[in-house]
Amino acid sequence: MNEQRSEPTSLTVAVITTSFPRYSGDEASLFLKRSVDAIQKTGVQTHIYVPYDRTEQEYESLGAHGSIHRVRYGIFRRGQLAFGQGILPNLRRNRWLALQIIPLLFQLFAAPFRHRKEWNLLHGHWVVTALPLFFLHLLTGKPYLITIRGEDVKLLRTPLRALFGILLSKAGAITTVSHDFEEELKGYYPGLSEKVQCIPNGVTRFEHEQSTPDTQELIFSYVGRVVPLKQPEVLIEIISELSQQSDLTPHLFLAGRVTDEYRTELQEKAHALGIGSQLHLTGSLSPAEIGALYHRSTLYLSASQHEGRSNSVLEA
């Protein structure tokens, strides 16, 4: 493993995140990779620190653009807290994974600290990274900013809010993706109001084969994590109602990560409503496949209970 060590001569950012694409075509936090790619095009180097998942390289050079460092954090087995359905859903599914929280946060501190001569700015994604950011700032004197999203705001509505207030107090800037979240954060932390600002998500134009959608079909689509929070059961019920009211046969495509258990539960619900053949759980799709699905769809549907500024809605 050949890692270059040199003092940065221009702006170099250490990006600390709990999720990042693991391989070409991976949809895990693809929006974050696109953001990093856009930053790199301006000439800014980025060194990305992210949990190791399964079979990826622990170190990956991005040439002149920076590098990716994947940290191992499991104690007696591989780390299972990150990726999959996400940290909070993983914890709800298996509370024993809470034992991996401290090792994960420690490794997200230790790896960038070892490489502290390579970067001069920290950027954390998701509020849990505030802990390693806070201590990296204290020990290196280098500034940090943090981006907070929908799941984070839900966490800040708990008693943990006071702890995170301390960790955010030294941040040079706090960004979020929704004006509602911006106002909520300012309400929680009035002393940090000047640091909080909303920078809405953007999306990348999809490249896909041009085709004419079949007007004889009713295609409804949803793209994102297929989890209870997103209420796919409601979408299945909508398709069931439409099946009884329309001469055309509606189909529902749910594109995104889904556990085997939840897949079975959704399929059983669809069969019970008589639309088993009209539900399509595609799993994760590549960007090109997602673009084609959007193009083919009659309507895009979302029944999510909680969103910041949904990337998939913007894309659709």
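Contact here means heavy atoms within 4.5 Å of each other, and in that sense H123 touches V13, A14, V15, I16, L145, I146 and T147, leaving out residues up to four places away in sequence. This is a predicted model, in which local features need pLDDT of at least 70 and side-chain atom pairs count only at pLDDT 80 or more, while totals for chains, interfaces and linings use all residues. Residues are numbered from 1 along each chain as its sequence is written, and side-chain values use heavy atoms, with hydrogens and water left out. Helices (H or I, at least four residues) and strands (E, at least two) are DSSP runs, numbered from the N terminus.

**H123 in strand 5**

- H123 is found in strand 5, and H123 is buried because its relative accessible area is 14%; buried means under 20% relative accessible area, exposed over 50%, and partly exposed in between (1.4 Å probe, protein chains only).
- The side chain of H123 also makes a polar contact of 2.9 Å with the side chain of T147. A polar contact is a pair of N or O atoms within 3.5 Å; within protein, one must be able to donate a hydrogen and the other to accept it, and residues adjacent in sequence count only if both atoms are side-chain atoms.

**Helix 3 and its surroundings**

- Helix 3 covers residues 101-114, 14 residues in all, and spans 20 Å from its first C-alpha to its last. That is close to the 20 Å expected at 1.5 Å a residue, where the expected span is 1.5 Å times one less than the number of residues.
- The buried residues in helix 3 are P103, L104, L105, L108, F109, A110, A111 and P112.
- Among the elements covering these buried residues are strand 1 (12-16), strand 2 (45-51), strand 4 (66-71), helix 2 (87-93) and helix 4 (130-140).

**Helix 4 and its two helix partners**

- In helix 4, the buried residues are A130, P132, L133, F134, L136 and H137. They pack against strand 1, helix 3, strand 5, strand 6 (144-148) and helix 6.
- Two packed helices are described by the angle between their axes and the distance between the axes. Axes are lines fitted to C-alpha atoms, for helices over the stretch in contact, and angles run from 0 to 180 degrees between N-to-C directions.
- With helix 3, the axis of helix 4 comes within 9 Å and crosses at roughly 35°, and this crossing is right-handed. A crossing is left-handed if the near helix is turned anticlockwise from the far one by less than a right angle, and right-handed if clockwise.
- On the helix 3 side, L105, L108, F109, P112 and F113 meet L131, P132, F135, L136, L139 and T140 of helix 4. These contact residues divide into ten nonpolar, one polar and no charged; Ala, Val, Leu, Ile, Met, Phe, Trp, Tyr, Cys and Pro count as nonpolar, Asp, Glu, Lys and Arg as charged, and the others, Gly among them, as polar.
- With helix 6 (residues 161-168), helix 4 packs at an angle of about 35°, with the axes 9 Å apart, and here the crossing is left-handed.
- A130, L131 and F134 of helix 4 make this contact with F164, I166, L167 and L168 of helix 6, and the residues involved are seven nonpolar, no polar and no charged.
- G141 follows helix 4 and has a positive phi, near 75°.

- S29 sits in the loop between strand 1 and helix 1 (30-40) and counts as buried because its relative accessibility is 7%.
- The side chains of S29 and S19 are joined by a polar contact of 2.7 Å. Setting aside neighbours within four places in sequence, S29 is in contact with S19, F20, P21 and W126.
- W126 lies in the loop between strand 5 (121-125) and helix 4. W126 is buried, at 15% relative accessible area, and has a positive phi of about 80° although it is not a glycine.

- Q231 belongs to the loop between strand 9 (218-223) and helix 8. Q231 is partly exposed at 25% relative accessible area, and its phi is positive, about 55°, although it is not a glycine.
- I238 is in helix 8 (residues 232-245) and is partly exposed, with a relative accessible area of 35%. From C-alpha to C-alpha, I238 and R263 are 18 Å apart in space, and they are 25 residues apart in sequence.
- P159, in the loop between helix 5 (150-156) and helix 6, is exposed at 81% relative accessible area. P159 and Q57 are 102 residues apart in sequence and 38 Å apart in space, C-alpha to C-alpha.
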